Amino acid sequence: DIVMTDYDHPEGYGTFHPQFLNVQLGFAKTFSNSIHAGVSATMITEQLTNITATGACFDAGIQYVTGKAWFLSKEFVVNENVLIPRPETEELVHWITQDITDHRSQIINIFDIGTGSGCIPISLKLSLPDADITGCDISTEALKVAQTNASKLNTTINFLQLDFLNFEQHNNLGTYDVIVSN
C-alpha cells in the first residue's frame, strides 16, 4: 500500500490535488482511530468526498478540510477567512517571547496587525500572561475566528476591526511597546 501524506505531495505541505485524492481517501480510510487529534478518519473521508462531489478547489490545505490547525502545540480553529498558521510564525512568536522575557520587567503592550486566526496574539498571551495584547484585522469574519480561538484557549485579547493601511483609523489605536505582523 502506498500512503502519501500532504508532506509527500510535490506541491508541498498542506495541499492535495485530484490525482492524489484516491491516495488521500485511502489514507483516511486506513486509520480507524484518528488522523489528527480528535478528527476521525471517517470525518476526513466524508469531507474529502464532499469536496470531490462539489468540485471544490483542491489547492486548499487539509487544515481547511478539518477546520483545525496546530500552532505551538495548541489547536486553532481555521476556515476560509484566515490563513493557515505556519511553522515560521512559531519562530517569530518564540523570538518575541524570548526578547521580552530577557529585556523587559514591566507589563508591556503588544499590537498584532492582520491577526487572522489569532495564533500570534493568543500564543504571546499564553507565554506572557501579564502583557496587554491587541490584535487587529480588516476582516470581521477573521476576527470571529480569532475570538473563537481566544475563548477556546482561555485568553483575553482586545480584537479590533480596522484597516491598518487607512491612516485615518490610527486614531483608534493606543501606544504599543511591540508591534508584530506576519
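Tutor: Of the 23 residues in the largest nonpolar core, Ile96, Ile100, Ile110, Ile120 and Leu124 touch the most other members. A nonpolar core is a set of buried Ala, Val, Leu, Ile, Met, Phe, Trp, Tyr and Cys residues joined through side-chain atoms within 4.5 Å. Buried means under 20% relative accessible area, exposed over 50%, and partly exposed in between (1.4 Å probe, protein chains only). Two or more residues of this core come from each of helix H4 (87–103), helix H5 (119–127), helix H6 (140–152) and strand S6 (178–181). Helices (H or I, at least four residues) and strands (E, at least two) are DSSP runs, numbered from the N terminus.

The model is predicted: local features need pLDDT of at least 70, side-chain atom pairs count only at pLDDT 80 or more, and totals for chains, interfaces and linings use all residues. Residues are numbered from 1 along each chain as its sequence is written, and side-chain values use heavy atoms, leaving out hydrogens and water.

Now take H4 itself. H4 has 17 residues. From first C-alpha to last, H4 reaches 25 Å, close to the 24 Å expected at 1.5 Å a residue. That expected span is 1.5 Å times one less than the number of residues.

Which residues of H4 are buried? They are Thr89, Leu92, Val93, Ile96, Thr97 and Ile100. These residues sit on the same side of H4 because they cover an arc of only 125° around the axis. The arc is that of the directions from the helix axis to the C-beta atoms. An α-helix has 3.6 residues a turn, so residues three or four places apart point the same way.

The face turned away from the buried side of H4 carries the exposed residues Glu91, His94, Trp95, Thr101 and His103.

What does the buried side meet? The buried residues of H4 pack against strand S1 (68–71), strand S3 (109–113), H5 and S6. Look at one residue there. Not counting residues up to four places away in sequence, Ile100 touches Ile108, Ile110, Leu128 and Val178. Contact means heavy atoms within 4.5 Å.

Two of those partner strands, S3 and S6, belong to an open sheet of four strands. The order is S5-S4-S3-S6, and the pairing is parallel. Two strands pair if DSSP finds at least two bridges between them. S6 is an edge strand, as is strand S5 (158–161): each pairs on one side only. S3 is joined to strand S4 (residues 132–137) by five bridges.
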